[in-house]
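Visitor: I am new to this structure. Please take a close look at one part for me: the pairs that side chains make, and the places where they sit.

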Amino acid sequence: MKIFWKNAICLMLIINITWGISFAKNTFADADGKSVLSLQLSEKVVNESKKLLSQDANTRAEAAYNLGLMKEKAAGAVPALIKLIDDQAQINWLSGKEKILPGKSYVFEEVLKALVNIGDASVPFLIQTLKNGNSFMRSVSAQTLGKLKSSLAVEALIMSLYEPDAWLKHNAAVALSNIKDVYSVEMLIGVLDDENPEIRKYAVIALGQIKSPLAVKALSLVLTADEDMNVSKKAAEALGNIKDPAALGALLSVLNRRKYARIRNKVISALGQLQDKRATEKLINVLGSAGNISNIEEAVKALVKIGDKSAISALRVLAVGQDISLAKLALNAIEQIDKLQSVKLLIKYLKSDRILLRRQAAWMLGQGRNPDAVDILIAAMRDSDPIVRSYTARALGKMKVTRAVPGLINLLSDRDQIVGNYAAWALVRICSVNTDISLIENIKHENRQVRMFIAGIFGQIGDKRALKELINVLLYDGARQVRYYAAWALGKIKDNRAVEPLIRALKDEDHVVRSYAAWALGNIRDNRALKPLSKAIDDTHWSLRYHAVKALEKLQNPRAFGALTKALDDENWLVRFHGLKALARIKDDRAVSDIINALKDPHPSVRYQAAWSLGIIGSSRAVNSLLIALKDRHWKTRYHAAKSLGEIQDGRAIAGLINASYDKHPAVRSQVMESLGKLRRPQAVEILTRALRDRQWTVRYKAAEALANFENKQTVEALIKGLQDTDDSIRQRIVRTLEKFRSKETRGKLKNELKTSNPITRKYVADILRKQDKVYSKESYPKAEAEKSDEKKQEEILVMPDLETIESNPGFEKLIKDLKDKNSSVRIKATSSLAKLKDLRAVKYLMPMLKDPDSSVRYEVVLALGELKHRSCVDALIGMLKDKDTSVRYQTALALSEIKDLKSVVSLIDALNDIHWSVRYQAALALGEIKDIRAVGPLIRVLDDENKLVRENTVEALRNITGHYFGQDKEKWQNWLNENINHNR
């Protein structure tokens with residue numbers, strides 16, 4: 001009996017295969033028997049279609065996934081795929097766009113994705129299934145037709161709305177809302193009487209998405225008469241989306257009725273979307289009600305959208321009410337409806353008895369920067385409330401009002417120091433743009449707080465005219481706060497004439513003044529300070545010793561060696577830490593022994609700084625000690641020990657680094673991989689190939705990067721296997737590594753991989769081989785990439801001429817013609833070949849191709865324009881930074897980095913906020929290549945990016961633009977920007 005059933009199942013499978021293939025080889029037909037399209041199946045489609053009948057769920061799912069990748073070329077497989085849309089067998093992998101991720105899925109999910117990818121050819125079969133399939137098949141068919149958005153499916157979907165199956169009706173309504181066909185409106189209206197409120201709700205949503213005025217009357221009836229409030233709420237939203245004035249009556253009729261209190265918020269929002277002034281009066285009534293606060297807020301927003309000035313008087317009442325949040329909202333609304341009226345009101349409110357109202361008025365006047373408000377703001381600097389005074393000072397600073405300077409100077413002595421801070425900030429803003437204003441006479445003000453702020457302001461604006469007065473204050477002012485502000489200001493101004501006075505200040509009685517003096521001397525970087533700073537290492541207070549060591553680090557003078565080695569014995573770990581940094585900067589080999597001793601320091605930060613310093617000096621004497629440090633209890637010490645061993649590149653380190661490759665911390669393992677790559681010893685290959693399977697992606701990335709130094713059979717095989725990694729950044733790194741390997745043996749191995757069943761590996765290997773070839777040929781371009789069944793046509797597409805000059809090449813016109821071919825692979829090959837010809841005439845033909853519907857073509861066109869490097873295409877490329885495809889945006893940033901046109905800087909800065917890390921990564925690199933100072937500030941903000949590679953590239957970009965290196969220290973980069981921005985401008 002078992003044998004009988006086994007034979008029967010095999011017979012059924014054979015019949016199914018034969019039916020599916022023979023049917024697809026001929027003609028697809030719609031319900032009326034009319035021909036839809038005729039296709040000849042390729043061998044690849046046939047093979048994958050056979051796998052759909054496998055008893056193994058994973059095999060069926062992978063076959064569906066592969067057919068989906070072929071898109072319209074797999075149209076012949078649709079009948080076979082349709083048979084699997086109720087296959088609910090579970091699988092242990094999940095497909096995504098061009099990648100396979102770990103997880104759980106079902107066969108039918110992969111089948112539905114494949115049908116969507118194949119496109120219009122799937123529609124007739126899905127419609128047939130929608131009519132004749134079982135309950136599950138009909139539901140998922142409706143869902144899939146909604147994703148395909150084909151108008152051909154509208155009639156069948158409408159008929160499904162009358163079926164008893166609630167889930168089918170739900171999916172059909174959602175599908176119709178996606179298709180947005182006006183023809184479905186009348187039938188959807190008929191569904192509004194369905195007894196199931198969920199079905200009515202989705203029909204309403206669909207009508208709201210279609211946005212046809214024909215639905216307004218029916219939706220108005222639903223709004224007022226439907227018993228289910230959720231359906232009524234969706235009706236209000238739908239009427240708002242349609243924005244037809246005919247809905248006004250229904251919306252107003254339910255606005256204030258108690259029965260509809262739960263949906264009042266949505267009704268108000270819909271009235272705002274209608275933007276009909278006839279609703280103004282009713283909405284004003286909502287403002288005066290004691291109802292829900294959210295309703296009042298929504299009414300204010302609606303009135304702003306309507307823009308009726310008659311609402312301003314009601315908004316004014318709300319603005320002086322007790323609720324401060326509503327007052328703010330009302331004031332903002334008045335400003336949007338009538339800016340002139342808003343300023344007049346704010347000026348009036350700045351004189352109000354209510355403190356909160358005055359605060360809001362002062363803040364908003366500062367935001368608007370209206371010159372009519374200057375006089376009242378100057379008067380408001382004497383307000384009794386410190387917050388009002390602060391906001392007023394801020395507003396005048398933003399407007400850069402010169403005549404506000406005397407009043408702002410008075411605020412410097414305000415009893416509330418926050419007010420003084422705002423006043424100082426405002427004075428910096430005003431004096432920075434108006435150099436005629438002099439504050440020097442105020443440096444001798446009787447109030448010490450004024451003197452303190454004035455000294456700080458001189459430092460902020462870098463006014464060298466105040467140098468003499470600042471020196472006098474530093475040496476003779478009786479208030480210590482004023483003296484250390486003066487020292488700070490002299491450090492910011494960086495004038496060598498201040499060196500001697502600052503050296504004298506190193507003996508000030510106050511340790512804060514001494515510390516700021518040391519900091520200032522470090523900023524000025526004058527070697528006259530070397531000896532005094534070296535003596536300051538013996539000071540009794542740690543803060544001076546700390547700043548003295550940091551100043552010596554900036555001087556980078558070998559004569560500071562003795563003082564810096566003494567700092568390594570300091571009781572404060574920060575002094576020891578910066579002593580090590582300073583010794584590393586001067587790169588004195590005599591310091592190696594002292595730094596090695598610091599590897600045993602009790603503080604972990606000192607130990608890892610010692611390991612880092614040894615790598616900077618690069619002495620082989622440190623190898624043994626660094627090998628011991630690879631076993632330190634703190635991971636940062638182990639990390640920097642591994643990094644330094646890579647910098648020194650001594651062969652004795654290989655064994656220790658191999659042992660450290662098993663370290664429990666992923667950062668240490670990552671650094672070990674990088675260092676093994678630098679040592680280039682054959683013993684490292686096995687460790688690096690093993691690391692390609694590490695659970696931490698950074699380790700795999702660094703291993704792939706390091707293997708670029710080792711081209712052998714073991715390396716190539718491991719890297720090819722790594723192309724299946726789940727992380728896109730790892731695969732891209734492996735691709736860049738394999739592109740460097742060009743031996744015959746490696747290329748032979750890569751070509752063999754084109755026969756693998758894994759589509760991801762085939763794709764990346766094909767890309768590698770294509771990039772390695774200078775021109776396309778039948779031998780060098782992977783046959784696996786061209787999926788045409790006609791071999792002769794395939795050769796015609798792939799064999800491109802190798803030309804020395806365009807004028808002598810008759811194939812140029814053919815390439816231009818191929819750009820318009822219906823087959824995307826032809827367009828891709830032609831685009832790439834035109835780029836390799838290096839003829840700028842190709843630009844005008846390639847530019848229109850940026851609108852190609854196929855993302856692979858757009859990618860190739862952007863790549864080609866980047867290689868041609870013609871500035872005429874910059875504007876068009878800038879627009880491609882908004883492309884929906886991530887790889888196109890990435891390649892666009894790369895192309896702009898090749899062209900290096902300043903017009904692209906602003907758009908590349910915007911691309912630093914892209915949702916995908918790879919685009920942010922390449923945008924940062926591109927800005928580093930262009931080297932425009934405008935990019936520094938935005939790049940500094942990107943130092944907080946969640947992706948490590950983006951942060952590292954940002955540092956490199958900043959180094960390229962500025963010529964300085966501060967790692968990922970945002971504060972140091974910001975300080976550099978503050979100090980250099982005026983000069984660079």
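Guide: What follows goes from ring pairs to one helix, and then to salt bridges.

This is a predicted model, in which local features need pLDDT of at least 70 and side-chain atom pairs count only at pLDDT 80 or more, while totals for chains, interfaces and linings use all residues. Residues are numbered from 1 along each chain as its sequence is written, and side-chain values use heavy atoms, with hydrogens and water left out.

Start with the rings. Rings of Phe, Tyr and Trp (its six-membered ring) pair if their centres lie within 6.5 Å; planes under 30 degrees apart are stacked, over 60 edge-to-face, and the rest tilted. By this rule there are twelve aromatic pairs. Take W363 and Y391. Their ring centres are 5.0 Å apart and their planes stand at 65 degrees, so this pair is edge-to-face. Helices here are DSSP runs (H or I, at least four residues), numbered from the N terminus. W363 belongs to helix 21 (residues 355-368) and Y391 to helix 23 (residues 386-399), so the pair ties together parts that are 28 residues apart in sequence.

How covered are these two? Buried means under 20% relative accessible area, exposed over 50%, and partly exposed in between (1.4 Å probe, protein chains only). W363 is partly exposed at 30%. Y391 is partly exposed too, at 24%.

Now a stacked pair. Y484 and Y516 lie 5.4 Å apart, centre to centre, with 15 degrees between the planes. Y484 sits in helix 28 (residues 480-493) and Y516 in helix 30 (residues 511-524), so that the pair links parts of the chain 32 residues apart. Y484 is buried, at 17%. Y516 is partly exposed, at 31%. Elsewhere, ring pairs link Y106, F108 and F136 into a cluster.

Rings also meet charges. A charge sits over a ring if NZ of Lys or CZ of Arg is within 6 Å of the ring centre and within 35 degrees of the ring normal. W363 comes back here: the charged end of R394 sits over its ring, 4.0 Å from the centre. In the same way, the charged end of R590 sits over the ring of F561, 4.1 Å from its centre.

The expected span of a helix is 1.5 Å times one less than its number of residues. Helix 30 has 14 residues and should span 20 Å; its end C-alpha atoms are 20 Å apart, which agrees. This helix is mostly covered, with ten of its 14 residues buried. Among them are V513, R514, L521 and I524. After helix 30 comes R525, whose phi is positive, near 60 degrees.

Last, the salt bridges. A salt bridge is a side-chain nitrogen of Lys or Arg within 4 Å of a carboxyl oxygen of Asp or Glu. The structure holds 53 of them. One joins K702 and E705, with the closest N and O atoms 3.7 Å apart. Both residues lie in helix 42 (residues 697-706), three residues apart, and are separated by about one helical turn. An α-helix has 3.6 residues a turn, so residues three or four places apart point the same way. K702 is buried at 13%. E705 is partly exposed at 29%.

Other bridges reach further along the chain. E946 and R920 meet at 3.9 Å, N to O. E946 lies in the loop between helix 56 (936-942) and helix 57 (948-962) and R920 in helix 55 (residues 917-930), so the pair ties together parts 26 residues apart in sequence. E946 is exposed, at 72%, whereas R920 is buried, at 5%. K970 bridges to D944, and their closest N and O atoms are 2.7 Å apart. K970 is in helix 58 (residues 970-984) and D944 in the loop between helix 56 and helix 57, so this pair also ties together parts 26 residues apart. K970 is partly exposed at 29%, and D944 is exposed at 56%. Finally, salt bridges that share partners join E647, E674, K678, K702, E705 and R733 into one network.

How values were computed: Helix = DSSP H or I, 4+ residues; strand = E, 2+ residues; numbered from the N terminus.
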